[in-house]
Amino acid sequence: MSKINYKSVEEIELIRESSLLVSKTLGEIAKVIGPGVRTIELDKLAETFIRDNGGIPAFLNYHGFPFSLCISLNDQVVHGFPGKHVLTDGDLVSVDCGVILNKYFGDSAYTFAIGEVSEQTKKLMRVTQECLDLGVAKAVVGMRIGDIGYAVQEHAEKNGFGVVKELVGHGVGLQLHEKPEVPNYGKRGAGTKLEEGMVIAIEPMINAGRAGVKFWDDGWTVSTADKKVSAHYEHTVAIGKGKPDILSTFEYVDNVLKEKNNN
Ligand code: MG
Ligand code: MG
């Protein structure tokens, strides 16, 4: 097991820049995502936007992953392939994006509703975002990895949802996936101590139904075993003193969606 790479203040600023480019890319996706759009078009848009801004799509060719975005539809949890699927009213689409900028990675994900989704799906989206917020709130010096997982799990399960255990958050830096692992479940006060210089991706993957997942033979796609929908939100966060330093932001997505709803 490799050890945790603690980051200097300068390195954290570089990861902030990478995370900001990820956040802006998700904002660009928010502008165009909707009924009638093929998911592969979103992938091309992201790749172009990232490269135009001096970055490299981090997922492209990562252990052979063939796209710039992971686009996971409905019962897909994570690591879905963009493709010919035309988005239609009622689809739930998780878009996960990573970039490399100045050698440092940034990683963030957002789940979009296409048109009108069911009340249960809306609740899943809201609760999963709340799980992310509750997990992020624990990303402070003095807490432990288990405190993050506990906060996420407790909120999801109290709402009747299933917490995916097979996939976890992770450290972020010069590598996309560094130590420590950041599970979405855990015990309060257990696990690695959170200290200044740690940068982690917190990414609840929450299922509307049961927690179980299925791994596809494409080597990547993960879906729910019970075929119910799943949501995924992710931020890259630096452990802070007293409060977390959230390096990615949903501000760009939120502004676009607000604008869209007003029209
Ligand atoms: Mg991600
Ligand atoms: Mg991640």
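This is a predicted model: local features need pLDDT of at least 70, side-chain atom pairs count only at pLDDT 80 or more; totals for chains, interfaces and linings use all residues.
1. Magnesium ion (ligand 2). The protein donors of this ion are Asp107 (OD), His170 (NE2), Glu203 (OE) and Glu234 (OE), at distances of 2.1 to 2.3 Å. Along the sequence these donor residues follow the spacing D-x62-H-x32-E-x30-E. Aspartate 107 belongs to strand S5 (residues 104–113), while glutamate 234 sits in the loop between strand S13 (230–232) and strand S14 (235–238); the two are 127 residues apart, and the pair links distant parts of the chain.

2. The magnesium ion (ligand 1) and the magnesium ion (ligand 2) lie 3.2 Å apart, with aspartate 107 bridging them. Aspartate 107 and glutamate 234 are buried, and aspartate 96 is buried as well.

3. Helix H1 against helix H2. The axes of H1 (residues 9–32) and H2 (residues 39–52) come within 10 Å and cross at roughly 140°, which makes H1 oblique to H2. The crossing is right-handed. On the H1 side the contact is made by Leu21, Lys24, Thr25, Glu28, Ile29 and Val32, and on the H2 side by Leu42, Leu45, Ala46, Phe49 and Ile50. These residues divide into eight nonpolar, one polar and two charged.

4. Helix H1 against helix H5. The axes of H1 and H5 (residues 251–262) come within 7 Å and cross at roughly 15°. The two helices are therefore roughly parallel to each other, and their crossing is right-handed. From H1, the residues Leu20, Ser23, Lys24, Leu26, Gly27, Ala30, Lys31 and Val32 meet Tyr252, Val253, Val256, Leu257 and Lys260 of H5. The contact of H1 with H5 comprises eight nonpolar, two polar and three charged residues.

5. Backbone points to check. Most residues other than glycine have a negative phi, and most peptide bonds are trans. Lysine 179 and proline 180 are joined by a cis peptide bond, with omega about 0°; proline 180 is placed in strand S8 (residues 178–182). Histidine 79 is not a glycine, yet its phi is positive, near 65°. Histidine 79 is in the loop between strand S3 (76–78) and S4, and at 24% relative accessibility it counts as partly exposed. Lysine 103, also not a glycine, has a positive phi of about 75°. Lysine 103 lies in the loop between S4 and S5 and counts as exposed, at 66% relative accessibility.

6. Glutamate 119. This residue lies in helix H3 (residues 119–137). Glutamate 119 is exposed, with a relative accessible area of 59%. Its C-alpha atom is separated by 14 Å from that of serine 230, a residue 111 positions away along the chain.

Conventions:
Residues are numbered from 1 along each chain as its sequence is written. Chains are lettered from A and ligands numbered from 1 in the order in which they are written. Side-chain values use heavy atoms; hydrogens and water are left out. Axes are lines fitted to C-alpha atoms, for helices over the stretch in contact, and angles run from 0 to 180 degrees between N-to-C directions. Helices (H or I, at least four residues) and strands (E, at least two) are DSSP runs, numbered from the N terminus. Angles under 35 degrees count as roughly parallel, over 145 as roughly antiparallel, 65 to 115 as roughly perpendicular and the rest as oblique. A crossing is left-handed if the near helix is turned anticlockwise from the far one by less than a right angle, and right-handed if clockwise. Contact means heavy atoms within 4.5 Å. Ala, Val, Leu, Ile, Met, Phe, Trp, Tyr, Cys and Pro count as nonpolar, Asp, Glu, Lys and Arg as charged, and the others, Gly among them, as polar. Donors are N, O and S atoms within 2.8 Å of the metal (3.2 Å for Na, K and Ca); water is not among the atoms, so sites may look incomplete. Buried means under 20% relative accessible area, exposed over 50%, partly exposed in between (1.4 Å probe, protein chains only).
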